[in-house]
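This report covers salt bridges and model confidence for one protein. The sequence and structure are shown first.

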Amino acid sequence: MRILLASNAQYFPAHGGGERSNRMLLEALAARGHTCLVVTRSGRGVQTEEDASTLRFVLGGVGVVAATGPQNFRAFFVAQAHEFRPDVIITSTDDPAQVLLGAALEIEHARTIFLARATIALPFGPDAAFASEEKTSVLRNVDGIVGVSEYVTSYIRKHSQTDAVHVPIALAEPGPYPRLGRFDNEFVTLANPCAVKGISILVGLARARPDIAFAGVPTWGTTAEDLALMQAEPNITILPKVDRIEDLLRRTRVLLMPSLWAEARSRMVVEAMLAGVPVMASNLGGLPEAKMHVPYLLPVRPVEGYSQKLNEQMVPVANVPVQDIGPWNDALGRLINDRAHWEELADLSHRTAVHYAETTTVEPFEQWLQSVKRKTRVAPNSERDALPRLSPQRLKLLELKLRKSDARGNALPYGAGDPARIRLFCFPHAGGGASFFRAWRQTSKAQVEIVPVQYPGHDTRRGEPLAQSMSELVAGLAESLRLALPGKVAFFGHSMGALVAFELARLLQGEKSAGPWPIIVSGARAPVFRLNYLPPPDPEPRELLDQVKLLGGLPTEAPIDQAAIDALLPVLDADTRLYRRYVYEPGTVLNTPIVAIGGESDPNVSQEHLERWGEVTTKNVEVRQFAGGHFFLRDDDQALLRFLIDSILEMNAQQL
């Protein structure tokens, strides 16, 4: 694809998390073979063309065209877009006035995508600084919207009645990720100290703890008044902004992120955790997602709206209530005074963030872009304008048809793989998504390709209804996957995913379609234990969470914040209800071998439960137990993956 990023902020060097994330995203797409160009206002790099008003250079495989003169930037962007002829134009919330978005929508040969990286810059909802129905209407004309977090995605759906998806668009810098955090580092640091970023909490802590050295790093939001506030405190050092965030983190003992507005996600939180620097963050917006269940999430009193004016930094003036620094002072005191606790938190932060960085790729976003590019575009001012005149019933029918037409792309967010290889289709557990298998994709052997499957309503398919029964889920997956199955394939499913794989294989075999060879079922009782089964009553939400946590399906090293619970519960509740109410109906007997695996200490699945999978196939069953409980596959996933691949290769060789 030819991909154009319309950047109304400085692309490089970038001092904001959104700008750095845009750069990482474009460089990752370029590394995947796409031709990428950025049109921006200013930049720095290797100049290849002498032009007083234009600077051109290449950075990380991405072409950059920067307007350096006083020319009309909208016209400059349009001229570059027509010359480049992109398939896709990416815009984002760095363009709140919609200067570039409006221009992009007028370019007929390109799809227009909008990345929502900050809810304050959206023209609707309670987080908006400047609400505008007119700008909201313009935004509804884009071909697709991506939220940087589940918080942002849900916010868009709720407050604009516009669909949005959440796929990773906040990629990490390439590793390695050295541990820069030290208990003896100089400062407790706040980047971009300003009203909405919680400068009042920084100043309050500095006054309460004169024994601690604090630092503030002024960037895009810091005003002269903010600088004066910090200069008045003898234990606050004002540090210069840096091009390399590592230069700041190696001086930081604890990072403060006491944002009083709803952060969309926060790149800097993850960057600090990657460096092994503990982070104290407010519990607003997408910060709980950025923290990934690692303490500390602390309460703040959020901004109470915005004045209809901008400050000297062109940032909306927020109405900031008085803050209670008590919880922040208590948490900071423990981190500063308890070295063992600091080391434990630093290690947990590093391990959690490294796992995120190593398993988060551009592939889901790339696949989503390709699905948007394939869709038939509705012409403006014609069919699109006619939609509000349709009856609710016809609108619902149209929605179902559109969802059905795009089901295949959604069910395989990483693609269907190479039919010349053996492809292992992986079906997640209850509450899980295709992202659970990302690490397997990166480390599997060349002979076997990992192909994660996404259920409706999960991760990249959040906009779709959750399946209400096993038959509904399997029928939908069969329709989505049928065209992707020619060639040699195997199925793997864990827990609920094992029964999904089993029932899907039965359905395909009954249709005389090519089935998997073999089926690998993990952490699941044989279906015969659900013959004439009477489902137990549904548990209460808290009881359900406790059950899942006991099985190892949720983190145990840190409390789970309420925002994460709110995002998880609907999916988990629907999946476990579907799984709980599954009743086995005898019928098609499989003619494929089965590998049944489980954890030796799994309280719900025993050796006998695994052995009886032999009753649902005419072929052999191999049973193997591994050390661990229900989620044993997390303990040594690479050893398990080697076993799975070896089993698949051996059984396919025997079939020949």
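Which side chains meet in a salt bridge with an N to O distance of 3.5 Å? In this predicted model, the pair is Asp184 and Arg339. Asp184 has a relative accessibility of 58% and counts as exposed. Arg339, at 41%, counts as partly exposed.

**Other salt bridges**

The count for the model comes to 24 salt bridges. One of them joins Glu263 to Lys197, with 2.6 Å between the closest N and O atoms. Glu263 lies in the loop between β11 (252-257) and α9 (267-274), and Lys197 lies in the loop between β8 and α6 (199-208); the pair therefore ties together parts that are 66 residues apart in sequence. Both Glu263 and Lys197 are buried.

Glu615 and Arg612 also meet through their side chains in a salt bridge, at 2.7 Å from N to O. Glu615 has a relative accessibility of 43%, so this residue counts as partly exposed. Arg612 counts as partly exposed too, because its relative accessibility is 30%.

| Asp184 | Arg339 | 3.5 Å |

Asp243 is found in the loop between β10 (236-238) and α8 (245-249). With a relative accessible area of 47%, Asp243 is partly exposed.

**Confidence**

How high is the mean pLDDT of the protein? The mean is 85, and 88% of the residues reach 70 or more. Over residues 44-50, pLDDT stays under 50; the model has 13 contacts for this stretch beyond four places in sequence. The pLDDT is also below 50 over residues 555-559, a stretch with eleven contacts in the model beyond near neighbours in sequence. Where pLDDT is low, predicted coordinates should not be read in detail.

Key: Residues numbered from 1 in each chain as written. Predicted model: local features only at pLDDT ≥ 70, side-chain atom pairs only at ≥ 80, totals over all residues. Heavy atoms only, no water. Salt bridge = Lys/Arg side-chain N within 4 Å of Asp/Glu carboxyl O. Buried < 20%, exposed > 50% of the residue type's maximum accessible area, 1.4 Å probe, protein only. Helix = DSSP H or I, 4+ residues; strand = E, 2+ residues; numbered from the N terminus. pLDDT = per-residue confidence, 0-100. Contact = heavy atoms within 4.5 Å.
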